[in-house]
Amino acid sequence: MDTERWTAVDRYVTDLLVPEDGALAQAQHSAAAEGLPPISVSPAQGMLLHLLVRSLRATRVLELGTLAGYSAIWMARGLEDGGRLVTCELDPHHAQVAGRNLERAGVADRVEQRVGPASGSLDAMAAEGAAPFDLVFIDADKDGYPEYLRKVMGLVRPGSVIVADNVVRGGQVADAACEDPAVIGVQRYLEAVAAEPRLTATVIQTVGSKGYDGFSLALVIS
Ligand code: SAH
Ligand code: DHB
Ligand code: MG
């Protein structure tokens with residue numbers, strides 16, 4: 001088993017079930033053309049996020065880490081009428097590329113972009129008394145995950161779902177001696193999830209076009 005085989009299966013699944021339309025393909029093309037790193041979710045993962053938004057009948061979704069807006073397009077397209085996605089991005093160039101992609105996808109009216117460190121945007125939303133989010137997708141810098149979780153807990157309600165991307169990292173998450181700050185970040189994140197009585201959660205390992213990684217899914221229970 002290797003990445004080539006995982007990628008072939010991802011392609012099979014994508015062709016069969018997850019056709020990308022012009023706007024999604026364009027978002028990926030523009031990201032490459034503008035020199036953004038190729039680290040968006042895969043089409044199959046984008047569809048999973050889209051299905052979560054729809055299953056929850058979400059009207060408020062929060063994303064940390066916009067990049068070129070690829071995952072944001074998938075999620076925004078699943079929102080109930082009148083629903084809103086807030087997406088936070090540190091890099092102004094990424095945010096600018098994403099803004100054009102969201103516009104082309106016809107979802108810009110449903111998406112609010114916040115530019116700057118996600119931690120500051122979370123503080124601002126708390127200070128503004130933002131209504132709770134139904135779904136939160138954490139996908140920004142991995143060493144920030146523990147702090148993001150603490151702040152996100154003030155922006156959710158029982159029944160909300162928190163998904164965190166890239167928590168397996170080629171299996172390194174199980175290596176307690178790993179010194180990579182990104183790995184330590186996801187380890188601290190998962191420990192904080194485990195210690196939080198308001199959450200019940202799991203981690204699912206994934207393989208595919210993005211290699212070997214995984215995501216965690218946590219339900220807010222109180
Ligand atoms: N969710 C996107 C991929 C996000 S990649 C998708 O699947 O399409 C991670 C993004 O997080 C990058 O664009 C990076 O610039 C951004 N980022 C890194 N540090 C950040 C921070 N402190 N606050 C907000 N965004 C950050
Ligand atoms: C990286 C970040 C991601 O969000 C991802 O899905 C894959 C890789 C990274 O920073 O390397
Ligand atoms: Mg990611």
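This is a predicted model: local features need pLDDT of at least 70, side-chain atom pairs count only at pLDDT 80 or more; totals for chains, interfaces and linings use all residues.
Residues are numbered from 1 along each chain as its sequence is written, chains are lettered from A and ligands numbered from 1 in the order in which they are written, and side-chain values use heavy atoms, with hydrogens and water left out.

- Aspartate 165 counts as buried because its relative accessibility is 7%; buried means under 20% relative accessible area, exposed over 50%, and partly exposed in between (1.4 Å probe, protein chains only).
- Asparagine 166 also counts as buried, at 13% relative accessibility.

**Ligand 2**
- Ile39, Asp139, Lys142, Asp165, Asn166 and Lys210 surround ligand 2 (near means that a heavy atom of the residue lies within 4 Å).
- By class, this shell has one nonpolar, one polar and four charged residues. Ala, Val, Leu, Ile, Met, Phe, Trp, Tyr, Cys and Pro count as nonpolar, Asp, Glu, Lys and Arg as charged, and the others, Gly among them, as polar.
- An N or O atom in the side chain of aspartate 139 is 2.8 Å from an oxygen atom of ligand 2. For aspartate 165, a polar side-chain atom lies 3.2 Å from an oxygen atom of the ligand. For lysine 210 the distance is 3.5 Å, again from a polar side-chain atom to an oxygen atom of ligand 2.
- Taken alone, ligand 2 exposes 290 Å², and the protein buries 66% of that (Shrake-Rupley method, 1.4 Å probe).

**Ligand 1**
- Around ligand 1 there are 20 residues, of which Gly65, Glu89, His94, Ala118 and Asp139 come nearest.
- This shell divides into 10 nonpolar, six polar and four charged residues.
- A polar backbone atom of glycine 65 is 2.8 Å from a nitrogen atom of ligand 1. An N or O atom in the side chain of serine 71 is 2.9 Å from a nitrogen atom of the ligand. Histidine 94 has a polar side-chain atom 2.8 Å from an oxygen atom of ligand 1.
- On its own, ligand 1 has 590 Å² of accessible area, and the protein covers 89% of it.

Conventions. A polar contact is a pair of N or O atoms within 3.5 Å; within protein, one must be able to donate a hydrogen and the other to accept it, and residues adjacent in sequence count only if both atoms are side-chain atoms.
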